[in-house]
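Subject: Handover of a structure and notes on its contents

Dear colleague,

Please find below the structure that I am handing over to you. My notes on what was found in it follow directly after.

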Amino acid sequence: MRWRGRRTSSNVEDRRGMRGGGGMRMGGRPAGVGCGGLVIALLAAYFLGVDPAAVLQIVSGLEQGGQVAAPQREVSTSTPNDELGQFAATVLADTEDTWNRVFAERGRRYQEPRLVLFSGAVASACGYNSAAVGPFYCPADSKVYLDLSFFDQLERRFGAPGDFAQAYVIAHEVGHHIQNQLGISEHVHRQRQMVSKAQGNQLSVKQELQADCLAGVWAYHAQRDRNLLEPGDLEEGLRAASAIGDDTLQKKAQGYTVPESWTHGSSEQRMTWFARGFQSGDIDVCDTFN
Ligand SMILES: [Zn+2]
């Protein structure tokens with residue numbers, strides 16, 4: 001990828017090295033609960049007959065006054081100066097250029113997401129997550145969360161090295177942000193509450209494959225408008241899409257696959273949809289639901 005020396009995004013929150021990824025501490029009493037909160041929790045527990053721990057969690061959230069969701073106060077928003085951080089900020093910037101343009105062409109305004117870099121664990125509006133869940137997008141705060149050590153795993157555990165494999169991961173998460181902007185995430189969320197687990201998984205697969213396709217649409221524009229890809233990059237992206245397919249992961253973990261339990265799609269499906277987006281550059285080809 002020809003990424004060096006290009007624009008970096010100003011939408012990066014660098015929370016690496018912060019305890020608990022900012023806003024919360026691990027273990028013991030929930031962070032930020034004062035004596036007043038403790039008293040409220042105990043009173044509520046006594047009069048309402050509810051678990052004091054549950055009340056404490058709520059009180060803790062209230063007392064932090066949204067600090068968990070928006071801890072800008074203690075977060076660096078300047079461009080990271082390490083290589084990997086700069087890389088992530090550059091890929092994010094390129095997704096901004098792409099999606100601002102694609103949305104504008106459709107008469108819409110693109111609201112840029114933020115990218116939170118963290119290490120170990122992080123507090124988001126979607127809860128408290130360890131890096132073990134992998135990169136994720138939280139629709140409630142419109143932020144992509146990424147522990148950059150995932151790129152190591154991508155190379156060593158999943159056998160998908162290369163900068164474009166990493167860019168695909170970021171573009172896939174940004175794809176979820178596009179779905180959020182277009183109201184698709186909300187629609188899927190509502191649908192899932194009305195169907196069986198197996199059907200819910202199928203919906204999840206469609207949503208994930210669409211994010212892969214949208215990552216492909218980004219790659220198309222990054223290539224056409226800014227000549228970002230080098231020979232071999234597309235293969236790196238496809239290898240990454242294949243490496244994290246449900247069948248490949250299940251075979252690795254348990255020796256067999258259970259398609260009903262898939263939530264992201266098979267290796268072949270993931271490669272196919274990424275390639276489809278890349279070939280056309282048109283979000284209309286990304287309708288995985290019909
Ligand atoms: Zn996803």
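Donors are N, O and S atoms within 2.8 Å of the metal (3.2 Å for Na, K and Ca), and because water is not among the atoms, sites may look incomplete. On that basis, the protein donors of the zinc ion are His-172 (NE2), His-176 (NE2) and Glu-208 (OE), which lie 1.9 to 2.1 Å from the ion. Their spacing along the sequence is H-x3-H-x31-E. His-176 belongs to helix H5 (residues 163-181) and Glu-208 to helix H7 (residues 197-226), so this pair ties together parts that are 32 residues apart in sequence. Helices (H or I, at least four residues) and strands (E, at least two) are DSSP runs, numbered from the N terminus. Both His-176 and Glu-208 are buried; buried means under 20% relative accessible area, exposed over 50%, and partly exposed in between (1.4 Å probe, protein chains only).

Please note that this is a predicted model, in which local features need pLDDT of at least 70 and side-chain atom pairs count only at pLDDT 80 or more, while totals for chains, interfaces and linings use all residues. Residues are numbered from 1 along each chain as its sequence is written, and side-chain values use heavy atoms, with hydrogens and water left out.

The pLDDT is the predictor's confidence in each residue, from 0 to 100. Its mean over the chain is 85, and 80% of the residues reach 70 or more. Over residues 23-34 the pLDDT is below 50, and this stretch has 27 contacts in the model beyond near neighbours in sequence. The pLDDT is also below 50 over residues 54-73, a stretch with 38 such contacts. Contact here means heavy atoms within 4.5 Å.

I turn next to helix H3. The axes of H3 and H7 come within 9 Å and cross at roughly 90°; axes are lines fitted to C-alpha atoms, for helices over the stretch in contact, and angles run from 0 to 180 degrees between N-to-C directions. The two helices, H3 and H7, are therefore roughly perpendicular to each other. Angles of 65 to 115 degrees count as roughly perpendicular, under 35 as roughly parallel, over 145 as roughly antiparallel and the rest as oblique. Among the residues that meet are Asp-94, Thr-95 and Trp-99 in H3, and Leu-214, Trp-218 and His-221 in H7.

Two residues of H3 may be of interest. Thr-95 is buried, with a relative accessible area of 1%, and touches Val-174 and Trp-218, not counting residues up to four places away in sequence. Ala-93 lies in H3 (residues 83-105) and is buried, with a relative accessible area of 1%. With residues up to four places away in sequence left aside, Ala-93 touches Arg-7, Thr-8 and Ser-9. Ala-93 and Ser-10 are 83 residues apart in sequence, and their C-alpha atoms are 8.0 Å apart in space.

Where are the positive phi values? Most residues other than glycine have a negative phi. Ser-142, however, has a positive phi near 55°; this residue is found in the loop between strand S5 (136-138) and strand S6 (143-147) and is partly exposed at 25% relative accessibility. Asn-227 also has a positive phi, of about 50°. Asn-227 is found in the loop between H7 and helix H8 (233-243) and is partly exposed, with a relative accessible area of 42%.

Yours sincerely
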